[in-house]
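Visitor: I would like to see how the chains meet, and on what grounds each term is used.
Guide: Have a look first.

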Amino acid sequence: MVSHVVADEKTLLLSKKAGCNSHGQDSSYFLGWQEYEKNPFDPVSNPSGIIQMGLAENQLSFDMVETWLEKNPDALGLRREGGASVFRELALFQDYHGLPVFKNALARFMSEQRGHKVAFDPSNIVLTAGATSANEALMFCLADHGDAFLIPTPYYPGFDRDLKWRTGAEIVPVHCTSANGFRVTRAALDDAYRRAQKRRLRVKGVLITNPSNPLGTTAPRADLETVVEFVAAKGIHLVSDEIYSGTAFGEPGFVSVLEVVAEREGAAAASDVSDRVHIVYSLSKDLGLPGFRVGAIYSSNAAVVSAATKMSSFGLISSQTQYLLAALLGDKDFTRSYVAENKRRIKERHDQLVDGLREVGIGCLESNAGLFCWVDMSHLMRSRSFAGEMELWKKVVFEVGLNISPGSSCHCREPGWFRVCFANMSAKTLDVAMQRLRSFVESTASAVPARSISCPIAIKWALRLAPSSADRKAER
Amino acid sequence: MGGKLLLAAFAGSPPLSQVATSAAHGEDSPYFAGWKAYDENPYDAVANPDGVIQMGLAENQTSFELLEGYLREHPEAAGWGAGAGSFRDNALFQDYHGLKSFRKAMASFMKKIRGGKASFDPDRIVLTAGATAANELLTFILANPGDALLIPTPYYPGFDRDLRWRTRVNIVPVHCDSANGFQVTVSALQAAYDEAAAAGMRVRGVLITNPSNPLGTTVKRTVLEDILDFVVRKNIHLISDEIYSGSVFATPDLVSVAELVESRARHGEKDIANRVHIVYSLSKDLGLPGFRVGVVYSYNDAVVTTARRMSSFTLVSSQTQKTLAAILSDEEFADVYIRTNRERLRERHDHIVAGLARAGVPCLRSNAGLFVWMDMRRLLGDGEATVASELKLWDKMLREVKLNISPGSSCHCSEPGWFRVCFANMSLATLDLALARISRFMDRWNKATTQHEQQ
């Protein structure tokens, strides 16, 4: 990158932000992506290519949206029911308060996802171009340059860029371990807070993702209460990224932090935390529409809503898209059947992955949400270390041909965990992935360890000696 | 328990950031106050004929039906067609490189607007959700907090927020005045540079808007060359916001900085390209501010790469990219649109200039944009060439004449008495009504002045 330490007048300088690494693009998360791009799997044209299992996309339910689009051509054609064109209005509509009909539909949809246990006031919604934009905007509103947010690990690698790059904010990890299923504890929060103080960082809030990425678990109600108690005690904010709220397919079901806040209000009127809890949402995961850039901030804090609304000028949602989605989300019959069927399909695919992994002796964290599993491959590492994890990851990407995300890129403290996505491919492709994994596991078991330690090339030979996945298919 | 309750009772909300609580969002300026007044009492030909006419909004409403007509004739442009997977691919497409077909269409459109005098490489186009985002993004990339950008006055009021708010970069004005038609001079640039240095600010670049908002004029070739020479001498950047490039309706033709970069490169000048960055948008030329389509175009590879990554915070909806790719890659349509749009803007411009002249109000001679730069200096009165008296006049225009126009002071103009008046965001009938109101106002003013002189 461009050096910014210069006495040389000839060099044309860019800012420190342009030159720094906080955009996170040099992490393994992105490197694996790059490898995939060079050699992407295609069942017909490139069956030995890399299968993308590092992208948390939901490709399972497009057909339902496509059917809806066919039945509702007016929304696409920018016409009202009855045929009158709304093109002109929409073309001019750049009001950062957002299209009212869309915000109303979104508020209702968000409430539906929470079993109507929480009511969303459309005027507390701030629309942004994706959750990426929402999270950054909240940081700009809540943290000054150099302030810190506490985030439970493992967490979404993109946060390192989204929350820190242009804001100058810091992330202090809250260490979670497999000892208790990576759940957040008060002790871990306090420990993180102390570490922040030692670094002379002012802690401005906690950010949780619920359901969790990369764990795929919904936060237990008790854990949410713990976090809320913590932020109340410290006088700080809480951001709950609920981008995966529509993917919760199993018990115990999704509980939003807003439910916990509402219950608290009922119990002890003096302890009002509603002005410090802010939700982030998006349609990228639940509806599988990341390209449309639809994100939202929800807050009961008028000052936050006001500042974030103005900031949304830097990332507004296309009015053309707002109009389409207002119609889509406003169709209650559609949303009801979509949400139910989408969850069913996610569960099915999740089960396929979990079963496939179990068959080859690989376990996952038990999960009930998300588009991925948190997989324990520590027993396949040659050494129980992050170096061992990286080595294993490279093998899996380059030799097995699966782009999965190493836990270290999610700041996990325990080596050997990997996030494996399952909703961005067909069932057949997932099957291929499982077969490749089977080959790999079996050949690893049969490889001669002594030779392989001194000579990495020998490992490749050992793997090649095992039948290829194509041969395996014939056997089945 | 009691202690806890007491604490809770006194505990306020946890604080917000300095950025959130600062006034640098700029919404306390008259520019926005006028909008509010309009919102509270908006003109409507039928329902509210005495309401405030909005002349403070630089929108282009003259050429809608061309786009609407295109979509009617080509409904597949707004949809995804019957091809299986086409919706799906588009809905999934969040690649910050942007849709290739759209970038190609945009590059071609930008070239057409410049009469083919400059070419654009689609791979240097970075898409952002509007020029607002593009300008902020470039500022984040080119300047650190506390640094300065030099901007010729008068300038678009939104820059105070867009370039400074979250970036914490400063703007140092380059003062221009009517003595030479508000053109930028080298001495003005140098004076601003010195002012920044004296204040301990490091100057990172110059930002010009060409064609100018609020002047409505294209920047002269010689002035552009001077600015380019200046940024080379000072080893700084040049951002050229060319959002109004498609609205040049009279000579002289637009000279884009892109043209100069290409010609200097042909003459072997290597030092220029790396420092030039262009901002564009479809909000003005196509009248589509709601669709949020902006562009950062840079000749500097590191800037393009960084801008692309940063655009993650402000991507253009893939649905919109697809629709506009279809429209803009239709060469014939694009040619007709550009030509027709220019004609309509010229007609509208000429109409308002003539109407104002009849009312005794001159304007700066202009050849572009969606507004005129109106000269009401003589209405301020002798010895009253102050911002305060300009704002008094502005307030009168708003409350008595019921026209929301933008006072020059909100554009940081150093000469009081100038106003930006938009003409492309209303029907001709509404424009005529506005002109009639101004005319009556001028009659009243003339009478009052004459009476005063007679006393």
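Visitor: How many residues of chain B are in contact with chain A, and how many of chain A with chain B?
Guide: The model is predicted. In it, 75 residues of chain B touch 75 residues of chain A. They count as in contact because heavy atoms lie within 4.5 Å.

Visitor: What area do chain B and chain A bury between them?
Guide: About 6700 Å², with 59% of it on carbon and sulfur atoms. In chain B, F87(B), R166(B) and F313(B) lose the most area to chain A, together 12% of what that side buries.

Visitor: Which helix gives the largest share of the side of chain B that touches chain A?
Guide: α7(B), with seven residues. That side divides into 36 nonpolar, 25 polar and 14 charged residues.

Visitor: Within chain A, what makes the crossing of α6(A) and α14(A) right-handed or left-handed?
Guide: It is called right-handed because the near helix is turned clockwise from the far one by less than a right angle. The axes cross at roughly 35° and come within 11 Å.

Visitor: Which residues of α6(A) meet α14(A)?
Guide: R108(A), F109(A) and E112(A) meet K332(A), T335(A), R336(A) and V339(A).

Key:
Residues numbered from 1 in each chain as written. Chains lettered and ligands numbered in written order. Predicted model: local features only at pLDDT ≥ 70, side-chain atom pairs only at ≥ 80, totals over all residues. Heavy atoms only, no water. Axes fitted to C-alpha atoms, helices over the stretch in contact; angles between N-to-C directions. Helix = DSSP H or I, 4+ residues; strand = E, 2+ residues; numbered from the N terminus. Buried area = accessible area lost by both parts, 1.4 Å probe. Nonpolar A, V, L, I, M, F, W, Y, C, P; charged D, E, K, R; others polar.
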